[in-house]
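I opened my notebook to go through this structure step by step. Here is what I looked up, in the order I wrote it down.

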Amino acid sequence: MSFSFRVLKTDATGARRGQLLTPHGPVETPFFMPVGTQASVKSLRNESLEELGAEIILSNTYHLYLRPGHELVRRMGGLHKFMSWQRAILTDSGGYQVFSLSELRKINDDGVRFRSHLDGSEHLLTPEKAAEIQLALGSDIAMVLDECIETPAPREKAEAALKRTTAWAARARKYFLEQTARQEALRQWQFGIVQGATFADLRRESAQQLLALDFPGYAVGGLAVGEPHETTCAMTAEVTALLPREKPRYLMGVGRPEQIADYIALGIDMMDCVLPTRAARHACLYTSEGRVLIKNARYIEDQRAIDPHCSCSVCRRYTRAYLRHLFAAGELTAAILASHHNVHFYLDLLRQIREAIEFGNLEKFSSEVRARYAAGPAD
RNA sequence: GGACGGGUGGGUGAGUGGCUAAAACCAGCAGACUGUAAAUCUGCCGCUCCUUGCGGGCUACGAAGGUUCGAAUCCUUCCCCGUCCA
């Protein structure tokens with residue numbers, strides 16, 4: 001099976017309904033990727049992800065390079081085999097770690113020199129190296145190394161990061177095409193990443209420069225790192241307006257449940273976010289009625305399911321009172337059940353959105369979701 | 001019966017004359033989390049009043065007295081608890 005992407009329908013808002021075919025199966029778009037940074041979606045077994053209907057997950061170049069090491073993963077038969085996940089995998093490049101581990105790295109035009117957060121050892125991550133690692137991992141979609149910066153950022157800094165990201169994208173593209181031309185067994189897509197912080201003209205410039213490199217898909221990076229939602233949307237709109245219709249668009253690192261449909265309405269096909277799993281571990285549960293902070297005393301004797309309207313296996317079986325108890329007691333099962341539910345919530349939200357696009361009522365659907373979340377935590 | 005050691009806020013436990021409504025941790029309460037250094041982090045946590053302020057009043061370190069300008073801290077007596085000896 002080879003790669004392809006098809007847009008099946010575009011609705012009045014600009015939202016796209018399509019399908020991405022990968023060597024590890026089809027993925028209905030738009031989709032959401034649960035995050036499994038260290039070859040594991042935290043506190044979820046792959047059996048659960050399969051039960052939840054996850055068609056693709058995200059993993060991470062930087063973290064797997066440091067531990068267990070990409071060469072080891074290659075020797076173990078690649079990331080899919082190593083972690084026993086037969087559906088699609090997208091790997092981030094380590095570009096986000098340029099941002100999140102900013103105190104542990106030095107950046108120059110050649111690449112990023114990291115001091116390992118695990119043992120303090122030094123490592124140079126270049127665009128070529130990030131591509132090499134991802135080819136060794138054998139992920140379905142590899143991201144180019146980019147320079148992700150904070151927002152708001154001064155224009156000069158945004159310009160410098162943009163320039164570097166484009167130069168790195170060109171190097172990564174060249175290296176990747178050379179390697180894949182030489183070894184037919186390598187079946188992978190490589191996506192470019194648009195930067196430009198919160199400057200519309202820089203976003204357009206970045207997109208245009210990357211278009212010249214002819215990637216099979218394009219990501220919008222460096223957003224949802226602190227700026228207002230409106231700004232995230234505005235910047236995304238600048239970019240999607242320039243991207244080719246026939247290629248997938250990936251908005252990296254988003255978002256909150258009530259924001260997802262907005263991004264999709266801007267023509268976004270792919271998203272990922274740690275929120276469902278991290279919030280779950282921190283006792284924040286997403287429901288059709290808004291957020292439930294399950295540790296709150298008000299749930300001590302609450303016999304209802306986390307979300308009475310949810311069909312997931314956790315909601316069918318357990319009460320809020322029990323979940324609250326598990327969190328209070330610090331039981332690992334608390335994180336497991338909560339993560340299961342939250343990932344179900346996100347994947348189900350995307351299912352509903354895909355359906356809404358098909359029926360042409362995405363706008364109505366998203367305003368309903370927003371209204372529920374605006375009301376704050378459920379009773 | 002004797003000798004030591006000890007009794008501190010919901011718990012464990014620092015403090016041994018003023019900077020102490022009393023460290024720290026736990027528990028409790030509330031909040032944050034957006035390409036995961038996150039099973040993490042932050043705030044509140046005696047009662048009360050208001051003009052909500054590095055504000056006022058009250059109560060508090062086993063009990064009752066005392067010394068002192070000032071006591072959880074020093075003295076006296078008493079009551080408990082632990083260890084050891086008889």
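I began with a definition: a residue is buried if 20 or more other C-beta atoms lie within 10 Å of its own, exposed if 12 or fewer, and partly exposed in between, with C-beta atoms placed from the backbone.

I then noted the ground rules. This is a predicted model, where local features need pLDDT of at least 70, side-chain atom pairs count only at pLDDT 80 or more, and totals for chains, interfaces and linings use all residues. Residues are numbered from 1 along each chain as its sequence is written, while chains are lettered from A and ligands numbered from 1 in the order in which they are written.

**Whole chain**

I found 15 helices and 16 strands in chain A; these are DSSP runs numbered from the N terminus, helices being H or I with at least four residues and strands E with at least two. The radius of gyration is 20 Å, close to the 21 Å that the globule rule gives for 379 residues, so chain A is as compact as a globular protein of that length. (The radius is taken over C-alpha atoms, and the rule is 2.2 Å times the number of residues to the power 0.38.) Buried residues make up 49% of chain A.

**Core**

Which residues touch the most other members of the largest nonpolar core? They are Phe-191 and Met-271, in a core of 112 residues. Such a core is a set of buried Ala, Val, Leu, Ile, Met, Phe, Trp, Tyr and Cys residues joined through C-beta atoms within 7 Å. Helix α14 gives the most to this core, with 13 residues. I looked up the contacts of Phe-191 beyond four places in sequence, and among them are Ile-141, Phe-215, Tyr-218 and Tyr-250. (Contact means that two C-beta atoms, placed from the backbone, lie within 7 Å.)

**Strands β11 and β12**

Strands β11 (residues 189-194) and β12 run parallel, joined by 4 bridges; DSSP must find at least two bridges for strands to pair. Val-194 stands opposite Val-220 in β12. Is β12 covered on one face or both? Both: Gly-217 and Ala-219 are buried on one side, Tyr-218 and Val-220 on the other.

Helix α8 (residues 200-211) buries Leu-202, Arg-203, Ser-206, Ala-207 and Leu-210. These fall within an arc of 135 degrees seen down the axis, so they line one face of α8. (The arc is that of the directions from the helix axis to the C-beta atoms.) Their cover includes α7, β11, β12 and α9.

In α15, Leu-362, Ser-366 and Val-369 are buried. They cover an arc of only 60 degrees, which puts them on the same side of α15. On the other side, Lys-364, Ser-367, Ala-371 and Ala-374 are exposed. The buried residues of α15 pack against α10 and α14.

I jotted down two cis peptide bonds. One joins Thr-151 and Pro-152, with omega about -5 degrees, and the other runs from Val-254 to Gly-255, with omega near 5 degrees.

Back to Ser-84: its phi is near 55 degrees, a positive value in a residue other than glycine. Asp-214 also has a positive phi of about 55 degrees, and it sits in the loop between α8 and β12. With 11 C-beta neighbours inside 10 Å, Asp-214 counts as exposed.
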